[in-house]
Amino acid sequence: MMLDYCVIIPAHNEAQYVSLLLDSLTQQSLLPRQVVIVNDNSTDHTATIIDRYANDFPWITAVHSQTEASRLPGSKVVAAFEKGLEAVNHPFDFIVKLDADLILPKNYFQEIATIFQQQPKAGIVGGFAYEKVGAKWTLNHPMGKDHVRGAFKAYRKDCFDQMNGLRCTIGWDTIDELLARYHGFAVITVPELKVKHLRPTGSAYSKKAKYLQGQAMYKMRYGLGIAFLSMAKVTWKQQKPRYLWDSMIGYIASFFDKTERAVTKEEGKFIRSYRWKNIFQKISGK
């Protein structure tokens with residue numbers, strides 16, 4: 001018997017894209033039990049579009065909400081997701097968070113459900129993002145191949161519950177994977193599932209996001225050494241020296257401001273051990 005799932009989509013000024021995502025959801029070979037679209041303080045025609053789909057499809061629910069007006073990654077998205085979670089009224093085996101600017105292959109959730117069904121310790125599952133460069137759809141996956149992009153995350157219910165949901169903070173889509181592993185679940189990526197990402201990564205984020213990346217590492221209890229190495233890696237990959245400077249300022253300022261941590265001391269100990277293990281493995285080439 002195939003597993004049931006529900007989808008939550010935070011949407012802020014997504015009139016250009018959201019109908020393309022919803023069309024791809026209505027064409028899935030395995031349909032969701034419920035889709036909740038959270039119109040988060042949009043000033044374009046997003047509300048009109050999602051209301052129309054909610055009227056046409058009984059399993060689509062429109063929620064109109066307001067969070068902070070600034071578009072920064074992190075707490076705003078999770079706050080909208082939580083609004084959507086409150087509106088879910090069907091039981092599910094796994095829950096999905098989607099961005100509103102995607103097009104999914106028709107077999108996407110059938111394949112995701114199969115993995116959850118066949119691998120009981122699969123906690124988070126997702127495909128890979130492709131963005132259009134000229135006339136060609138090109139893989140855009142700057143993180144490790146064992147990372148599922150925050151734009152399309154599917155969580156086994158048991159894993160989601162043990163994690164106590166998503167953390168309403170910058171870095172939530174790294175924290176969730178670390179906490180999934182902390183609770184003994186695996187994070188699985190499926191290269192064959194190619195998701196079209198219609199808006200270039202990071203195009204909606206302000207400069208302040210780099211500062212907040214450093215803050216996120218502080219909140220995750222990385223420690224200064226891991227934080228510096230992580231920021232330096234991103235700086236080298238993106239060839240943006242300013243990133244290291246801005247993110248380190250964010251980390252150090254969080255230390256002096258005594259910013260509230262996003263994970264417990266025990267979770268932080270696991271996170272540091274996991275991160276150092278990965279670093280040493282890469283250095284040794286294993």
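Buried, for this talk, means under 20% relative accessible area. Keep in mind that this is a predicted model.

Start with helix α1, residues 18–26. Its buried residues are Val18, Ser19, Leu21, Leu22, Ser24 and Leu25.

Now the core. The largest nonpolar core has 82 residues. Ile9, Phe94, Leu98 and Phe109 touch the most other members. Take Ile9.

Next, a helix pair. α8 spans residues 224–238, and α10 spans 265–284. They pack at about 50°, axes 11 Å apart. That angle makes α8 oblique to α10. The crossing is left-handed. From α8, the contact uses Gly225, Ile226, Leu229 and Lys233. From α10 come Arg272, Arg275, Trp276, Ile279 and Lys282. By type, the contact residues are 4 nonpolar, 1 polar and 4 charged.

Most residues other than glycine have a negative phi. Asn164 has a positive phi of about 65°. Arg221 has one of about 60°. Where are they? Asn164 is in the loop between α5 (157–162) and α6 (172–182). Arg221 is in the loop between α7 (208–219) and α8. Buried or exposed? Asn164 has 65% relative accessibility, so it counts as exposed. Arg221 has 17%, so it counts as buried.

Note on methods: Residues are numbered from 1 along each chain as its sequence is written. This is a predicted model: local features need pLDDT of at least 70, side-chain atom pairs count only at pLDDT 80 or more; totals for chains, interfaces and linings use all residues. Side-chain values use heavy atoms; hydrogens and water are left out. A nonpolar core is a set of buried Ala, Val, Leu, Ile, Met, Phe, Trp, Tyr and Cys residues joined through side-chain atoms within 4.5 Å. Buried means under 20% relative accessible area, exposed over 50%, partly exposed in between (1.4 Å probe, protein chains only). Axes are lines fitted to C-alpha atoms, for helices over the stretch in contact, and angles run from 0 to 180 degrees between N-to-C directions. Helices (H or I, at least four residues) and strands (E, at least two) are DSSP runs, numbered from the N terminus. Angles under 35 degrees count as roughly parallel, over 145 as roughly antiparallel, 65 to 115 as roughly perpendicular and the rest as oblique. A crossing is left-handed if the near helix is turned anticlockwise from the far one by less than a right angle, and right-handed if clockwise. Contact means heavy atoms within 4.5 Å. Ala, Val, Leu, Ile, Met, Phe, Trp, Tyr, Cys and Pro count as nonpolar, Asp, Glu, Lys and Arg as charged, and the others, Gly among them, as polar.
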